[in-house]
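This report looks at selected side-chain interactions in one protein model.

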Amino acid sequence: MITLTDSAIAAVKFALSQASEPANGLRIKVQAGGCSGFKYHLGLENESRDGDAVIEAGGVKVFLDPDSQPHVGGMTVDFTTAVNSPGFIFDNPNARENCACGKSFG
């Protein structure tokens with residue numbers, strides 16, 4: 001359903017190791033809003049919820065709720081430490097348009 005690059009896997013593993021509460025993976029949720037109509041919301045999560053798709057990559061679990069799943073099929077998640085735009089990068093083939101912020105799509 002989605003792919004995580006090695007740098008994204010490393011970033012999630014680092015975040016999990018630094019979490020103040022127990023966490024077992026990363027939740028990616030698509031929500032209405034942002035510059036282009038939808039935005040990505042990321043958070044650490046301990047376990048899956050009813051209806052979640054659970055993707056495992058490089059020892060990392062990614063949880064996707066049922067409403068987000070149709071929006072992220074085929075997406076690749078990367079992580080960059082570039083000075084001008086550090087953070088997660090989403091290459092989503094379902095996006096008709098992307099905002100310059102890189103965190104929202106339409």
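The model under discussion is a predicted one. In these terms, Ser68 sits in the loop that runs between strand E5 (60-64) and helix H2 (69-72). With a relative accessible area of 1%, Ser68 is buried, since buried means under 20% relative accessible area.

Two polar partners can be described for the side chain of Ser68. A polar atom of this side chain lies 2.8 Å from the backbone nitrogen of Val30, while the side chains of Ser68 and Asp65 are joined by a polar contact of 2.7 Å. When residues up to four places away in sequence are not counted, Ser68 touches Ile28, Lys29 and Val30.

Asp65 is buried, with a relative accessible area of 8%, whereas Lys29 is partly exposed, with a relative accessible area of 28%.

## Salt bridges around Glu45

The structure holds four salt bridges. In one of them, the side chains of Arg27 and Glu45 meet with an N to O distance of 3.1 Å; this pair, too, links distant parts of the chain, with Arg27 in strand E2 (residues 25-33) and Glu45 in strand E3, 18 residues apart. Arg27 counts as buried at 7% relative accessibility, and Glu45 counts as buried at 15% relative accessibility.

Glu45 also takes part in a salt bridge with Arg49, where the side chains meet at 3.1 Å, again given from N to O. Arg27, Glu45, Arg49 and Asp52 are linked in a network of salt bridges.

## Aromatic pairs

How many aromatic pairs does the structure contain? The count comes to two. In the pair formed by Tyr40 and Phe90, the ring centres are 4.0 Å apart and the planes stand at 20°, so the pair is stacked. Tyr40 lies in strand E3 (residues 37-45) and Phe90 in strand E7 (residues 87-91), so this pair ties together parts that are 50 residues apart in sequence. Tyr40 and Phe90 are both buried.

The rings of Phe79 and Phe88 have their centres 5.0 Å apart and their planes at 70°, so this pair is edge-to-face. Phe79 is partly exposed, with a relative accessible area of 26%, whereas Phe88 counts as buried at 16% relative accessibility.

Conventions. Residues are numbered from 1 along each chain as its sequence is written. This is a predicted model: local features need pLDDT of at least 70, side-chain atom pairs count only at pLDDT 80 or more; totals for chains, interfaces and linings use all residues. Side-chain values use heavy atoms; hydrogens and water are left out. Helices (H or I, at least four residues) and strands (E, at least two) are DSSP runs, numbered from the N terminus. Buried means under 20% relative accessible area, exposed over 50%, partly exposed in between (1.4 Å probe, protein chains only). A polar contact is a pair of N or O atoms within 3.5 Å; within protein, one must be able to donate a hydrogen and the other to accept it, and residues adjacent in sequence count only if both atoms are side-chain atoms. Contact means heavy atoms within 4.5 Å. Rings of Phe, Tyr and Trp (its six-membered ring) pair if their centres lie within 6.5 Å; planes under 30 degrees apart count as stacked, over 60 as edge-to-face and the rest as tilted.
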